[in-house]
Amino acid sequence: MNHTFKILVFFLFGISCLQAQNETYTASVEVKVSDTAFVNLRDYSNDFVYDMKYATDDNFLKTKVYDCAECMLRLKTVKALIAANKDFLKKGYRIKLYDCYRPLDIQKKMWEIVSNPIYVADPKKGSIHNRGGAVDISLVDITGKEVDMGTSFDFFGIMASHNFKQLSKEILANRAYLKKTMIKNGFNSFDSEWWHYNLKTGLKDNVSNQKWKCN
Ligand SMILES: [Zn+2]
């Protein structure tokens, strides 16, 4: 074995050792998260705009009911939401979030104020928000400006309904675009609220009342 060849063999051996180490390292840190586990959307994507209304007093409860403005959801909801956002990003839009998982105690507070199942789910049954499978969303354009959807979020009236058609062509097209893209990515729309989307497989998960950690 000449000297150059010995160096080459040593070098290749060294590389294969490094690769083996890397593989071991990757395998040891990989943690399998269940599709139904609650996770923080922020740990999976930075492409969303946050306007978490219940982490402020700018909501129909007129009080701040969340300690922090995080979007907790079951992992399968996060995956579908990221897929939908990728479609919006291709066209120069992105999802703005108003609400995600909602603990059952908050649902009870909402029901006390608006005891109307057209707008607020009865806590006895629980909302898909309480199951980590629903999101309240709108869209913003490339400049960060909110797309016109015709009413504000949590507008409790007929104008917020997908069936209300006395709106400008632009508003109807914006709502239709949001709805079409969300349905394509595994969500169902909710007739009386243009902002609300349920993961199609979200109803079979349990209602939850857990609180999330605020850093
Ligand atoms: Zn909702």
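Trainee: Which residues are buried in α4?

Mentor: The model is predicted: local features need pLDDT of at least 70, side-chain atom pairs count only at pLDDT 80 or more, and totals for chains, interfaces and linings use all residues. Residues are numbered from 1 along each chain as its sequence is written. Helices (H or I, at least four residues) and strands (E, at least two) are DSSP runs, numbered from the N terminus; a residue is buried if 20 or more other C-beta atoms lie within 10 Å of its own, exposed if 12 or fewer, and partly exposed in between, with C-beta atoms placed from the backbone. In α4, the buried residues are N174, R175, L178, T181 and M182.

Trainee: Why do the buried residues of α4 line one face, and within what arc do they fall?

Mentor: The arc is taken from the directions from the helix axis to the C-beta atoms. The buried residues of α4 line one face because, seen down its axis, they fall within an arc of 140 degrees.

Trainee: Which exposed residues does the face of α4 turned away from its buried side carry?

Mentor: The buried residues of α4 pack against α2, β5, β6 and β7, where contact requires C-beta atoms, placed from the backbone, within 7 Å. The face turned away from that buried side carries K169, A176, K180 and K184.

Key. Two residues are in contact if their C-beta atoms, placed from the backbone, lie within 7 Å.
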